Amino acid sequence: KSKARRARKETSTTTLDDVAGIESAKREITEIIDFLKSPERFRELGAVMPKGVLLVGPPGTGKTLLARAIAGEAEVPFFSISASEFIEMFVGVGASRVRDMFQTARKEAPALIFIDELDAVGRSRGAGLGGGHDEREQTLNQILTEMDGFEAHENILVLAATNRPDVLDSALLRPGRFDRKITLDRPHKDAREAILKVHVRKVPLASDVDLEAIAARTIGFSGADLKNLVNEAALTAVREDLDEVNSHCFDLARDRIILGEERDAHMTP
Ligand code: ATP
């Protein structure tokens, strides 16, 4: 069984250049970065920044990537933990991990805390499937306590990701907690092309590769799927002993990914 672990701390080298196709969210993100970089500017003008921002979107749309990019751009330490891990812990451990993480982050402020899969502990209390999940509730309560326990001017920003905002306990969404929301949708065609461009940066492409055409034929692909597509195409080129990744490699990669997903879909009940 997985062992309880402490929050990871990292220095993020991800920047906004690594994130593509999220133009609509960029303004809000820029504001958050500015706040982490020069909080005094906001204080002077009496502007209060949110303590918590919810990143909402389907799997693979770049929620984790975006959180890392914010920390990277603002040059602040990035503490991350996945809420799903709390469920497997002994009672009391989840809550104490949350406490530890906030304590460390406050010492190193300005800092960014990222809680992935918030819905794993943040589901509406009392409506839990399978009855009272003590560990889950204690962890959720601790997150709420911690968020109330620091002031907006302390320069801690908590980002949390979820693809199920509908099941979240309303206490999480109250003012002073996760009261801002950034939505990441599956990318439309232009966004897919922009994301492909990011991921082919280090890939030698043959002249017959048309990224716009590939973007047009990958409806429904998330950012993570597109990254996977580029990698599969590169692997195909290696297998075929080519010097460049050509259009044929992309076709094969796309077929493999789509067929793979169909096979998975048939197997899920
Ligand atoms: P999950 O809900 O499954 O945790 P997520 O939304 O956190 O997914 P990420 O883990 O950030 O998604 O995305 C996986 C990878 O897909 C990223 O590391 C990145 O390489 C790529 N990716 C996703 N979205 C984008 C994007 N908008 N621009 C560039 N790359 C992207």
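How do the residues of the shell around the ligand divide into nonpolar, polar and charged? They divide into 6 nonpolar, 6 polar and 4 charged, where Ala, Val, Leu, Ile, Met, Phe, Trp, Tyr, Cys and Pro count as nonpolar, Asp, Glu, Lys and Arg as charged, and the others, Gly among them, as polar.

Before selecting anything, note that this is a predicted model, in which local features need pLDDT of at least 70 and side-chain atom pairs count only at pLDDT 80 or more, while totals for chains, interfaces and linings use all residues. Residues are numbered from 1 along each chain as its sequence is written, and side-chain values use heavy atoms, with hydrogens and water left out.

**Stop 1: the ligand**

The shell holds 16 residues, and the closest are Ala20, Gly60, Lys63, Thr64 and His199.

Next, show the polar contacts (pairs of N or O atoms within 3.5 Å). At Ala20, a backbone N or O atom lies 2.8 Å from a nitrogen atom of the ligand. Thr64 places a polar side-chain atom 2.7 Å from an oxygen atom of the ligand. For His199, a polar side-chain atom is 2.9 Å from a ligand nitrogen atom. The ligand exposes 630 Å² when taken alone, and the protein buries 79% of that (Shrake-Rupley accessible areas, 1.4 Å probe).

**Stop 2: the largest pocket**

The ligand sits in the largest pocket, meaning that more than half of its atoms lie within 2 Å of the pocket's grid points. A pocket here is an open set of points on a 1 Å grid over the protein atoms alone, where a 1.4 Å probe fits, with protein on both sides within 12 Å along at least five of seven lines; lining residues have an atom within 4 Å of a point.

Colour helix 3 (63-74), helix 7 (189-199) and helix 9 (223-239): these elements give two or more residues to the shell around the ligand. Helices are DSSP runs of H or I with at least four residues, strands are runs of E with at least two, and both are numbered from the N terminus.

The largest pocket holds about 690 Å³ of space, a volume being the space filled by probe spheres set on the points. Of its 29 lining residues, Val19, Ala20, Leu65, Ile195 and Gly223 lie nearest the centre. Helix 7 supplies the largest share of this lining, 6 residues. By class the lining has 12 nonpolar, 9 polar and 8 charged residues.

**Stop 3: the second largest pocket**

Move to the second largest pocket, with a volume of about 210 Å³. Select Gly60, Lys63, Thr64, Asp116 and Ala161, which lie nearest its centre among 15 lining residues. Helix 3, helix 5 (119-122) and strand 5 (156-162) each give two or more residues to this lining, and helix 3 gives the most, with 4.

**Stop 4: two backbone details**

Most residues other than glycine have a negative phi, and most peptide bonds are trans. Zoom to Ala109 and Pro110, joined by a cis peptide bond with omega about 0°. Pro110 is in the loop between helix 4 (93-107) and strand 4 (111-116). Finish at Glu75, in the loop between helix 3 and strand 3 (78-82); Glu75 is not a glycine, yet has a positive phi of about 55°.

Terms used:
A residue is near a molecule or strand if one of its heavy atoms lies within 4 Å of it. A polar contact is a pair of N or O atoms within 3.5 Å; within protein, one must be able to donate a hydrogen and the other to accept it, and residues adjacent in sequence count only if both atoms are side-chain atoms.
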